[in-house]
Amino acid sequence: MWFNKTFGLVLGVNPLQEVASRPLFTLRAGGLELDFTNHMFMVMLSALVLMAVLPLGVRNRRGWVPHGFTNLLETICLFLREDVVRPFLKERTDRYIEILWTLFFFILTMNLLGLIPVDYLFWFVTGLQVHFGGAATANLFVTGALALVSFVLFHAAGIREKGFWHYWATLAPKVPWPLMPFLFLMELLSTFVRMFSLAIRLFANILAGHLVLTVILMFIVIFKTFLVAVPSVLTTLAMSFLEIFVAFLQAYIFVFLTTIFIGFAISEEH
């Protein structure tokens, strides 16, 4: 019974199911219609998980020495502030660390929740097919929105630290005036390139990881033999641990690059 259900689950695997955006229902306001998708649901779920889990981690602190989950949270926060952000932003670190922490934990939570086969687990327990799950950060619109936040953040930081006109006046390095318009345009375009690179890097890495896992599982369906099934399952388990590492790594890279871009924006020399 258990084997038949599991094998039926594998047979029903759709290589794109975890990364595909599927509408759950349609929101209507006036003449406008907006599909609420599974990736929107996962973004909301990630925010709710963070709002529930992080306060618990802080409140569970006993005494001066943190333990368990609280210790893990403090270690991550301290590492980001002292080893990632402070070398670039120095005395301005505490002005921006809160939003950088938020970006890191939000991206990390979406990456980790995307590794959980929510639809299959629900089907395995209840027998009902749902389509709530999925990897939100394998959606280019989601990573694009995150990159847009970073784009606005590093421009806002530059304007806040240097003033509106001075920021734009120092966007390009000092060169002879005939070259200034060209360099200003190039520097302006480079800020958009930074935003697109953030979005595509996160999207491509998460998408590739999910596709590799699914392709390995599909070998079971193709060959239908234990000689392939056992190595496929073991390889998938090993790759899943690698994907957990990638989830942390991609959240770290996103915050690291955002910090560098803020550092560029607030420095006098770009």
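Two residues are in contact when heavy atoms lie within 4.5 Å. Keep that in mind for these exercises on a predicted model.

**Exercise 1. Get the overall layout: how many helices and strands are there, and what share of the contacts join residues at least 24 apart?**

Start with the elements: the chain has nine helices and two strands. Reading from the N terminus, they go α-β-β-α-α-α-α-α-α-α-α. Next, take contacts between residues at least 6 apart in sequence; 69% of these join residues at least 24 apart. Finally, burial: 37% of the 270 residues are buried.

**Exercise 2. Walk along helix 6 and work out which helices its buried residues pack against.**

Helix 6 itself covers residues 140-162 and spans 32 Å between its end C-alphas, close to the expected 33 Å. Now pick out its buried residues, among them Val142, Leu146, Phe151, Phe154 and Lys162. Check their partners: the buried residues pack against helix 2, helix 4, helix 7, helix 8 and helix 9. Just past the helix, glycine 163 has a positive phi of about 90°.

**Exercise 3. Decide whether threonine 37 is buried or exposed, and find what it touches.**

Locate threonine 37 in strand 2, residues 32-37. Its relative accessible area is 11%. The cut-off for buried is under 20%, so threonine 37 counts as buried. Now skip neighbours within four places in sequence: threonine 37 contacts Ser21, Arg22, Pro23 and Leu24.

Technical notes:
Residues are numbered from 1 along each chain as its sequence is written. This is a predicted model: local features need pLDDT of at least 70, side-chain atom pairs count only at pLDDT 80 or more; totals for chains, interfaces and linings use all residues. Side-chain values use heavy atoms; hydrogens and water are left out. Helices (H or I, at least four residues) and strands (E, at least two) are DSSP runs, numbered from the N terminus. The expected span of a helix is 1.5 Å times one less than its number of residues. Buried means under 20% relative accessible area, exposed over 50%, partly exposed in between (1.4 Å probe, protein chains only).
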